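Open your viewer and get ready to select residues one stop at a time. Each stop tells you what to pick next and what is there.

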2 protein chains.
Amino acid sequence: MSKNILVTGGAGFIGSHLTDRLLDDGCKVTVFDNLSLGRLSNLEEASKNPNFKFVKGDILDKTALFKLFEEGNFDTVFHMAANSDIAKSHANPDVDFDNTLSTTYNVLLAMKEFGVKNIVFASTSAIYGETGVSVSENYGPLFPISHYGASKLASEAYISSFCENYGFKAWITRFPNVVGERATHGAIYDFINKLKKNPKELEVLGDGTQIKPYLYVKDLVDAIILVWTTTDEKFNYYNLGVETRTTVKEMAEMVIEEMKLDASIRYTGGNRGWVGDVPDFSYSLDKIHKLGWSAKVSSNEAVRKSIRYILDKDGVLV
Amino acid sequence: MSKNILVTGGAGFIGSHLTDRLLDDGCKVTVFDNLSLGRLSNLEEASKNPNFKFVKGDILDKTALFKLFEEGNFDTVFHMAANSDIAKSHANPDVDFDNTLSTTYNVLLAMKEFGVKNIVFASTSAIYGETGVSVSENYGPLFPISHYGASKLASEAYISSFCENYGFKAWITRFPNVVGERATHGAIYDFINKLKKNPKELEVLGDGTQIKPYLYVKDLVDAIILVWTTTDEKFNYYNLGVETRTTVKEMAEMVIEEMKLDASIRYTGGNRGWVGDVPDFSYSLDKIHKLGWSAKVSSNEAVRKSIRYILDKDGVLV
């Protein structure tokens with residue numbers, strides 16, 4: 001490959017791993033990131049590569065975005081920029097309307113304006129809402145219960161209409177919870193931070209039975225690249241994930257074990273951690289498995305890798 | 001009923017019929033409309049009713065919108081305001097992003113701010129995209145092909161997440177093409193205008209085989225009110241429509257006949273009128289039929305009523 005790629009949100013958790021991989025594969029990569037969630041330290045390796053370029057900027061600043069496109073002459077946009085903290089926008093829905101939807105919409109406008117025809121998009125299992133059953137890519141109706149899920153579904157909808165109106169091609173990849181090196185927040189971080197404050201007792205939101213697949217970030221990146229390089233419809237869409245799942249209780253116990261503590265766990269009760277949380281999620285991976293991919297790292301292993309990475313770095317995030 | 005209702009877009013084609021009906025049913029109705037597509041003449045009858053109030057304003061003006069909600073003390077919002085000219089946003093996608101999606105989002109923010117918990121929403125068959133099959137309300141995947149359809153799907157997605165986050169209740173009613181008195185644009189208008197310029201020949205976009213259900217506006221209003229008054233889930237959603245359909249060719253012939261002309265029809269060819277048009281659409285009405293409702297007026301009759309109304313009024317719109 002010798003493509004000229006734009007990765008939005010490329011300094012973030014998933015975006016930076018994707019950037020590393022695209023550079024390894026011989027692509028020229030420009031990262032555009034406002035560094036609100038992303039960090040330059042995630043791009044330490046990438047920065048050594050002559051095919052890499054970093055531009056600091058905000059997608060909501062249309063002038064800066066259009067200038068980037070005007071100069072960039074990109075073949076393909078990997079649009080990874082978004083708010084990634086789902087719980088956050090309960091108090092302020094604008095967090096996701098602006099950072100998760102309007103960013104996508106502005107990227108589509110820029111693509112239209114400068115004739116860029118290919119977009120790879122980071123979508124989410126949260127578009128499905130609370131289905132109660134394991135769902136395939138063709139599931140309906142789509143009634144997301146978080147503003148994050150709504151904003152990603154809205155993004156998919158506009159990607160679809162831009163494809164039809166302007167001859168774009170899209171690769172929609174839907175992610176479950178993703179963990180691993182460079183993750184910036186989430187339950188694992190919360191547990192570690194709480195245990196640093198009180199090593200005797202860990203308070204856990206919900207009743208601990210919430211169960212989800214946690215996909216290892218490097219497995220995720222493999223799958224995104226596979227979908228992009230091997231599928232060629234006008235509109236390609238895939239659930240990405242891992243067959244196994246981890247309960248919140250298992251996660252809490254793993255954190256305590258890895259921290260070598262003797263803490264008790266106190267559950268706040270209720271079946272979910274926050275409003276908009278889907279407590280028991282799984283979706284069908286048949287479509288991506290048929291492309292010959294499946295996750296190498298199990299959900300529990302992925303969670304443990306993430307815990308060890310944070311503890312090794314002694315990383316406590318604000 | 002003695003509810004206190006806000007109808008956004010209540011001076012428009014569908015909104016004004018709905019306003020008339022709600023007043024007839026004894027509700028107090030405030031119409032908020034920027035009069036960009038709506039007209040005060042549509043509210044002539046309503047204006048005579050002491051339960052009616054008109055406020056001119058734009059939903060995109062959040063200060064004006066919040067003031068309206070602060071003073072209004074509404075029970076329920078019928079959110080009808082939107083761009084209604086689907087073909088228009090191919091050249092400028094902002095038309096629908098702003099007027100069809102951001103209007104919905106702002107209304108939801110105002111409801112959250114002022115504790116209004118009930119929303120009845122004008123959605124559309126265009127959320128389904130080009131399915132090739134007759135679809136039920138539970139159809140997936142949802143890949144709209146017009147920016148209008150994308151904006152309505154995005155609106156539904158946010159209505160869903162606001163319901164979950166803030167305890168709203170929603171009635172989503174999805175409309176096919178709607179015709180009848182007070183319609184502001186569409187193929188019937190285009191044909192009449194073209195024939196006034198050239199009574200010998202009518203140019204028709206596409207090959208004339210495009211086929212769609214045209215629902216009579218008063219039937220539509222009956223169905224909306226029925227859904228709102230008889231269903232009580234947290235999130236209620238219904239396809240509204242008519243079993244019969246009309247081809248573009250039939251519509252063109254009816255216009256020529258009603259205008260008493262001897263014009264020939266010249267088709268521009270291709271299977272659709274514009275980018276984003278779904279040329280062969282039908283969807284399942286089983287769910288609304290189970291509520292005991294079906295359209296009284298057939299698709300062809302509805303089209304003919306619309307033609308006669310426009311010709312009676314000698315109405316040529318710019």
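Is Leu35(B) buried, partly exposed or exposed? Select Leu35(B): with 13 other C-beta atoms within 10 Å, Leu35(B) is partly exposed. (Buried takes 20 or more other C-beta atoms within 10 Å of the residue's own, exposed 12 or fewer, and partly exposed lies in between; C-beta atoms are placed from the backbone.) Leu35(B) is found in the loop between β2 (28-33) and α2 (44-47) of chain B. Leu35(B) has a positive phi of about 60° although it is not a glycine.

A few words on reading the labels. Residues are numbered from 1 along each chain as its sequence is written, while chains are lettered from A and ligands numbered from 1 in the order in which they are written. This is a predicted model, in which local features need pLDDT of at least 70, side-chain atom pairs count only at pLDDT 80 or more, and totals for chains, interfaces and linings use all residues. Helices (H or I, at least four residues) and strands (E, at least two) are DSSP runs, numbered from the N terminus.

**Both chains together**

Show chains A and B. A rotation of 180° with 0.0 Å of shift along its axis superposes chain B on chain A, with an RMSD of 0.0 Å. The two copies are thus related as by a two-fold rotation axis. (The superposition is by least squares on the C-alpha atoms of residues with pLDDT of at least 70 in both copies.) Of the interface residues of chain B, 100% are also interface residues in chain A, so the copies meet through the same surface.

**Strands of chain A**

Now select strand β1 (residues 4-8) of chain A, where 4 of the 5 residues are buried. β1(A) pairs in the parallel sense with strand β2 (residues 28-33) of chain A over 5 bridges, and with strand β4 (residues 76-79) of chain A, also in the parallel sense, over 4 bridges. (Two strands pair if DSSP finds at least two bridges between them.) Click on Thr8(A): its bridge partner in β2(A) is Phe32(A), and in β4(A) the partner of Thr8(A) is His79(A).

**The nonpolar core**

Which residues have the most contacts inside the largest nonpolar core? They are Ile188(A), Leu215(A), Leu220(A), Ile188(B), Leu215(B) and Leu220(B), in a core of 194 residues. Helix α5 (residues 147-166) of chain A gives the most to this core, with 9 residues. (A nonpolar core is a set of buried Ala, Val, Leu, Ile, Met, Phe, Trp, Tyr and Cys residues joined through C-beta atoms within 7 Å.)

Next, pick Phe162(A), which sits in helix α5 of chain A. Phe162(A) counts as buried because it has 24 C-beta neighbours inside 10 Å. Leaving out residues up to four places away in sequence, Phe162(A) touches Leu108(A), Lys112(A) and Phe168(A). (Contact means C-beta atoms, placed from the backbone, within 7 Å.)

**Two backbone details**

Select Gly140(A) and Pro141(A): a cis peptide bond joins them, with omega about 0°. Pro141(A) lies in the loop between β5 (118-124) and α5 of chain A. In chain B, a cis peptide bond joins Gly140(B) and Pro141(B), with omega again about 0°.

End at Asn73(A), in the loop between α3 (62-72) and β4 of chain A. Asn73(A) is not a glycine, although it has a positive phi of about 55°.

Conventions
Contact = placed C-beta atoms within 7 Å.
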